Amino acid sequence: MVSNQIKNGDSIKDIQKTLEAFQKNNEDLISVYYMDGSDGSLYASPQMDFNQDARETKTYTQLTERPETKWMDVYKDGGSGMIMTSVVTPVSSDGKMAGALGYDIDLAAIGKMRSTIEKDSTSNLVILDSQGFIVSSFMKDMDGKNMNPDKSGMEEGVEDFITDTDRFSSEFKWVADMYNGGGKANQPLTLDGEDYTGEWSTVPEVNWKVLALTPDNIQHELKTCGKIKNHFRCHECHFENIGTNQFIIFECIYRSCKGR
């Protein structure tokens, strides 16, 4: 929509109205914004104070170098203090990048999708970004925390999963190994006194990880009943473009083989 408005020569006021309408009709979006490639201005809904050239931001620079839709890693917003993620995409006009459009997304929105998937599964899910920061988790108050010991203290405002540094490095070294190309396919771990077996898969292109954690008592029951094989499989998780009205969705296609 914004791309068409630019091509048609619509005023920035019209683009601002489009941003406002879209943001108000999508409660999961904290904000919707457009970075103008002609002068570096940023237009957003809700309006925000932004005292720099948008073209000089890391986000815009990365899009210029590689103009494609991009999910940002979990970060703490400097203005609101909220832990969030963002989706940004280049806006083209006459085959050239004219600006960039972005959504700031509350992690709770991804949590709703995760909860829906868990209802049809014996597993609990944890979604990690490309650094190892928790995008969404079944564990209370853990969204936005760091689960990767190698990234401890790397992002301002992102706290470690466990405050005890030695214990964190020891118990969750497997997460670091997972991001470094190693790690076991099945990983035992203990959370809040309960034992789990975890399996993980990678979300294509963005290097996000999905952990499926099954309580060991359920594992035992399934084995006893001969139903452990394929009791839950994260079949495919991916991001895809879907046109002009909404440029991206997070789609997780899953299959539950319960009862087989």
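Which residues are exposed on the other side of H3?

## The model

This is a predicted model, where local features need pLDDT of at least 70, side-chain atom pairs count only at pLDDT 80 or more, and totals for chains, interfaces and linings use all residues. Residues are numbered from 1 along each chain as its sequence is written, and side-chain values use heavy atoms, with hydrogens and water left out.

Helix H3 spans residues 58-65, and its buried residues are Thr-59, Tyr-60 and Leu-63. They sit on the same side of H3, because they cover an arc of only 95° around the axis. That arc is taken from the directions from the helix axis to the C-beta atoms. On the other side, Lys-58 and Glu-65 are exposed. Buried means under 20% relative accessible area, exposed over 50% and partly exposed in between (1.4 Å probe, protein chains only). Helices (H or I, at least four residues) and strands (E, at least two) are DSSP runs, numbered from the N terminus.

The cover over the buried residues of H3 includes strands E1 (29-36), E5 (83-93) and E6 (96-106). Contact here means heavy atoms within 4.5 Å.

Asp-53 lies in the loop between strand E2 (42-45) and H3. Asp-53 touches Asp-39 and Gly-40, leaving aside residues up to four places away in sequence. Asp-39 is 14 residues from Asp-53 in sequence, and their C-alpha atoms are 7.7 Å apart.
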